[in-house]
Amino acid sequence: MDLIEIMRRRRSIRKYTGEPVAEEKLQQILQAGLLAPTSRGKRPWEFYVVKDKETLEKLSRAKWHGSALIAGCDTAIAVFADSELSDAWIEDSSIALAYMDLTASSLGVGSCWVQMRMRKDEQGGDAEQNVRRILGVEEPFRIVGILALGMPAEEKQAYSLDELKWEKVHR
Ligand SMILES: Cc1cc2nc3c(=O)[nH]c(=O)nc-3n(C[C@H](O)[C@H](O)[C@H](O)COP(=O)(O)O)c2cc1C
């Protein structure tokens, strides 16, 4: 499949069968993250792979809205980055997340990006601090988001190249 076709078919999948993601596929998804470009080649990111159900459950409650799906996923990859090593840590982390998201989709693994940076939990606490506490990661490491992975239990329509918002392009 060419890259545009993979992008056309990529959708956020939030329901999972419970079947494990094959180690070989997880390895390829992580390879994609490690291949992502970074500002000045600094590679400030660190990928925390979580499979433990209890930890996934805790992460699912790290923020108020939009993270419950983590409880049902097979594996979560929390992308932290050393904010002192690079001032482009947000961009670098985002690209790695996007690469892993796309690769998951290309391998038939359901995935969804879960934002944690600048988000609150149900009590108004900081979601990033919650994730840091759950995974034992200290400052200056900062988080952008978590990629939830699992074998898909829902199907979504691919995007159509005929419906792209070309009005966003100015030339
Ligand atoms: C930066 C970013 C943050 C996101 N955060 C969440 C989130 O916290 N929870 C969630 O369920 N989906 C999240 N998503 C997924 C988006 O909701 C989804 O990409 C969007 O609705 C478009 O749908 P699609 O991915 O199927 O094309 C996020 C996506 C991005 C790129």
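Q: What volume does the largest pocket have?
A: This is a predicted model, and the volume of its largest pocket comes to about 310 Å³.

Q: Which residues are closest to the centre of that pocket?
A: Arg9, Arg11, Ile13, Ser105 and Lys156 are the closest, out of 16 residues that line the largest pocket.

Q: How many residues of each class are in the lining?
A: The lining of the largest pocket holds six nonpolar residues, five polar ones and five charged ones.

Q: Let us stay with Ile13. Where is the place of Ile13, and is Ile13 buried or exposed?
A: Ile13 sits in the loop between helix 1 and helix 2. Ile13 is buried because its relative accessibility is 9%, and the cut-off for buried is under 20%.

Q: What does Ile13 touch, apart from residues up to four places away in sequence?
A: With those set aside, Ile13 touches Gly110, Ser111, Cys112, Pro152, Glu154 and Lys156. One of these, Lys156, is also among the residues closest to the pocket centre.

Q: Now helix 4. What can you tell me about Ala104?
A: Ala104 belongs to helix 4 and is buried, at a relative accessible area of 0%. Beyond four places in sequence, Ala104 touches Ile29, Val109, Ser111 and Leu149. Its C-alpha atom is separated by 11 Å from that of Arg9, 95 residues apart along the chain.

Q: Turning to the core: which residues touch the most other members of the largest nonpolar core?
A: Those are Ile70, Met116, Val131, Leu135 and Ile146, in a core of 22 residues. Two or more residues of this core come from each of helix 3 (53-60), strand 2 (75-82), strand 3, helix 5 (127-135) and strand 4 (141-150). Another core, of 21 residues, lies apart from it and includes Leu30, Trp45, Val109 and Leu147.

Q: Why would such residues gather like that?
A: Nonpolar side chains tend to be buried together in soluble globular proteins.

Q: Which residues is Val131 in contact with, leaving aside neighbours within four places in sequence?
A: Val131 is in contact with Leu59, Ala62, Phe80, Met116, Ile143 and Ile146.

Q: And Ala78, is that buried or exposed?
A: Ala78, in strand 2, is buried, with 1% relative accessibility. Outside four places in sequence, Ala78 has contacts with Glu46, Phe47, Tyr48, Leu135, Ile143, Gly145 and Ile146. From Ala78 to Met116, 38 residues apart along the chain, the C-alpha separation is 9.5 Å.

Q: Which residues of helix 3 are buried?
A: The buried residues there are Thr55, Leu56, Leu59 and Ser60. They line one face of helix 3, because they fall within an arc of 145 degrees when seen down its axis.

Q: What covers them?
A: The cover includes strand 1 (45-50), strand 2, helix 5 and strand 4.

Q: A change of topic: where is there a cis peptide bond?
A: A cis peptide bond joins Glu139 and Pro140, with omega at about 10 degrees. Pro140 is in the loop between helix 5 and strand 4.

Q: Which residues have a positive phi without being a glycine?
A: Among them are Arg40, with a phi of about 55 degrees, and Arg43, with a phi of about 45 degrees. Arg40 lies in the loop between helix 2 and strand 1, and Arg43 is found in the loop between helix 2 and strand 1 as well. Arg40 is exposed at 72% relative accessibility, and Arg43 is exposed at 53%.

Q: What does Leu34 touch, not counting residues up to four places away in sequence?
A: Leu34 touches Arg43, Trp45 and Phe47. Leu34 is in helix 2 (residues 23-35) and is partly exposed, with a relative accessible area of 49%. Leu34 and Met100 are 66 residues apart in sequence, and their C-alpha atoms are 9.0 Å apart in space.

Terms used. Residues are numbered from 1 along each chain as its sequence is written. This is a predicted model: local features need pLDDT of at least 70, side-chain atom pairs count only at pLDDT 80 or more; totals for chains, interfaces and linings use all residues. Side-chain values use heavy atoms; hydrogens and water are left out. On a 1 Å grid over the protein atoms alone, a cavity is a set of points where a 1.4 Å probe fits but cannot get out, and a pocket is an open set with protein on both sides within 12 Å along at least five of seven lines; lining residues have an atom within 4 Å of a point. Grid points are joined across faces, edges and corners, and a volume is the space filled by probe spheres set on the points. Ala, Val, Leu, Ile, Met, Phe, Trp, Tyr, Cys and Pro count as nonpolar, Asp, Glu, Lys and Arg as charged, and the others, Gly among them, as polar. A nonpolar core is a set of buried Ala, Val, Leu, Ile, Met, Phe, Trp, Tyr and Cys residues joined through side-chain atoms within 4.5 Å. Buried means under 20% relative accessible area, exposed over 50%, partly exposed in between (1.4 Å probe, protein chains only). Helices (H or I, at least four residues) and strands (E, at least two) are DSSP runs, numbered from the N terminus. Contact means heavy atoms within 4.5 Å. The arc is that of the directions from the helix axis to the C-beta atoms.
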